[in-house]
Amino acid sequence: MSRSICSMVLLCAGIGIAAHAADSAPTEAVKINDSVYMAPAAGNVYLVKTPAGNVVIDTALADQAPNAKKLLDAVSDAPVKYIILTHGHADHIGGISLWKEPGTQIIAQRNYVEFVNYVSRLAGFFGPRNAAAFNRPAPEVGRWAGNFGGKIDPTIFFDEKYQFTLGGVEFDLFSTPGETPDHLTVWIPAYKAAFIGDNYSGIGIPEPNSFPNLYAIRGTKPRWALDWIKSLDTVLQLKPEIVLNGHGDPIFGHQEITRRLTRYRDAIQYVHDETVKGMNSGKDVFTLMQEIKLPGSYDLSQVFGKVSWSVRGIYDGYAGWYDMNPASMYELPPSSVYPDLVRLAGGPEAITRLALEKVEAGKPVEALHLTDVVLASDQKNNAALNARIKALEYLQKACDNYVEEGWLEYGIAKAKQTLAQAN
Ligand SMILES: [Zn+2]
């Protein structure tokens, strides 16, 4: 799958690719109706005109925000009375300062505060992981900002619901946790329009759409499936005629909106419930990752979210890390005995040979585990690094998930770099 097709989907993760904007910067805003306009970006920026001033919904990634602002400035230069943030991911809050005027109110759901603090608290942890996953330079991480050092721009917070009227247009805001705990939905009854952030994503790429990332492997807190399901129900109950997403094109028509959101919701429910049933019957997480498959009737791809990662996200989200194996209670990981296994095998050659046989036999993950055994005591072992690259390239050929693709590329680049340093 090409990276460009999926960059839009990827950006739901809140992680931008700087090149994306330059490649395909849109040149004009999209008119949704006489009062609502969209600047396509990662993520999309919406402008709602009212007789008493404008409301901006989301502000895009910082490097795409100026273009989005330019497109929407061409639509209206009336004062910005409110900025509403559907959630605190970087690709939705990067342009706040461009839109904020004296007197502009900025609204977010209350969990925004902890979410932004959490991202800031762990900036040094997330920086290299995001860089690795998306093949971009690691950001400079400054001094630790402390536990509560995030930049909090909103001036109005709400828990469950918030309502205001501007220029005779009513805006209803609902807490709809899903991709993040602070997700909100903006509902404008007059237009039957719901702005739902990233709780449904991928519109704009060909059908079938992708299953969501119920867990993002770059590192995230659990994205609670049952909350997400309830939030999709909240949107469905509004009976919208227009759904406006953080990424991709709007969905029009009650019937089409219902079809898409229901399918998405039911798929999340299926994966959640199968995981819970498996946990209750005593199955371990790896067994369930292998066993649980999305029935074809849901007609969703896995180009962005992977079912197996979601199963593990749900399992570990509910249960934490202990697997009932006494060996797991202690500080020493399995890799602590890998050097002993290499010695028992008479050196790294036999294990590396077996790794190559595994690749040949179509078992590249087993090959990776075997190269881990060798590389634990000899990080620069040429043969093991080459076997590892072969296994990763094998996986890459079969890969149709954008996030997985990024991590495989990272693994290959890292192994090649080690090889180059060793020789
Ligand atoms: Zn997003």
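## Basis

Residues are numbered from 1 along each chain as its sequence is written. In this predicted model, local features need pLDDT of at least 70 and side-chain atom pairs count only at pLDDT 80 or more, while totals for chains, interfaces and linings use all residues; side-chain values use heavy atoms, with hydrogens and water left out.

## Overall fold

The protein chain has 16 helices and 13 strands. Helices (H or I, at least four residues) and strands (E, at least two) are DSSP runs, numbered from the N terminus.

The C-alpha atoms fill a box of roughly 80 × 45 × 40 Å along the principal axes. A compact globule of 423 residues would have a radius of gyration near 22 Å; the protein chain has 23 Å, which agrees. That radius is taken over C-alpha atoms, and the globule rule is 2.2 Å times the number of residues to the power 0.38.

## Seven-stranded sheet

Seven strands form an open sheet with mixed pairing, in the order β1-β2-β3-β4-β5-β6-β7. Two strands pair if DSSP finds at least two bridges between them.

Strands β2 (residues 36-39) and β3 (residues 45-50) run antiparallel and are joined by four bridges. Met38 has Tyr46 of β3 as its bridge partner. Helix α3 (residues 65-73) packs on this sheet and touches β2 and β3; its direction makes about 150° with that of β2. Contact means heavy atoms within 4.5 Å. Axes are lines fitted to C-alpha atoms, for helices over the stretch in contact, and angles run from 0 to 180 degrees between N-to-C directions.

## Six-stranded sheet

Another open sheet has six strands in the order β8-β9-β10-β11-β12-β13, again with mixed pairing. Its edge strands, β8 (161-166) and β13 (251-252), each pair on one side only.

Within this sheet, β10 (residues 184-188) runs antiparallel to β11 (residues 193-197), and three bridges join them. Ile188 stands opposite Ala193 in β11.

## Helices α8 and α9

The axes of α8 (residues 225-237) and α9 (residues 254-280) come within 9 Å and cross at roughly 160°. The two helices are therefore roughly antiparallel (angles under 35 degrees count as roughly parallel, over 145 as roughly antiparallel, 65 to 115 as roughly perpendicular and the rest as oblique). Their crossing is left-handed: the near helix is turned anticlockwise from the far one by less than a right angle.

Contact residues of α8 include Trp228, Ile229 and Leu232, and those of α9 include Leu261, Tyr264 and Ile268. By class, the contact of α8 with α9 has eleven nonpolar, four polar and two charged residues. Ala, Val, Leu, Ile, Met, Phe, Trp, Tyr, Cys and Pro count as nonpolar, Asp, Glu, Lys and Arg as charged, and the others, Gly among them, as polar.

## Helices α15 and α16

Helices α15 (residues 382-398) and α16 (residues 402-422) have axes that come within 9 Å and cross at roughly 160°. They are therefore roughly antiparallel to each other. The crossing of α15 and α16 is left-handed.

On the α15 side, the contact includes Leu385, Ile389 and Leu392; on the α16 side, Leu408, Ile412 and Ala415 are among the residues. Nine nonpolar, five polar and four charged residues make up the contact of α15 with α16.

## Backbone details

Most residues other than glycine have a negative phi, and most peptide bonds are trans. A cis peptide bond joins Ala42 and Gly43, with omega about -10°. Gly43 sits in the loop between β2 and β3.

Ala60 has a positive phi, near 75°, in a residue other than glycine. Ala60 lies in the loop between β4 (53-57) and α3.
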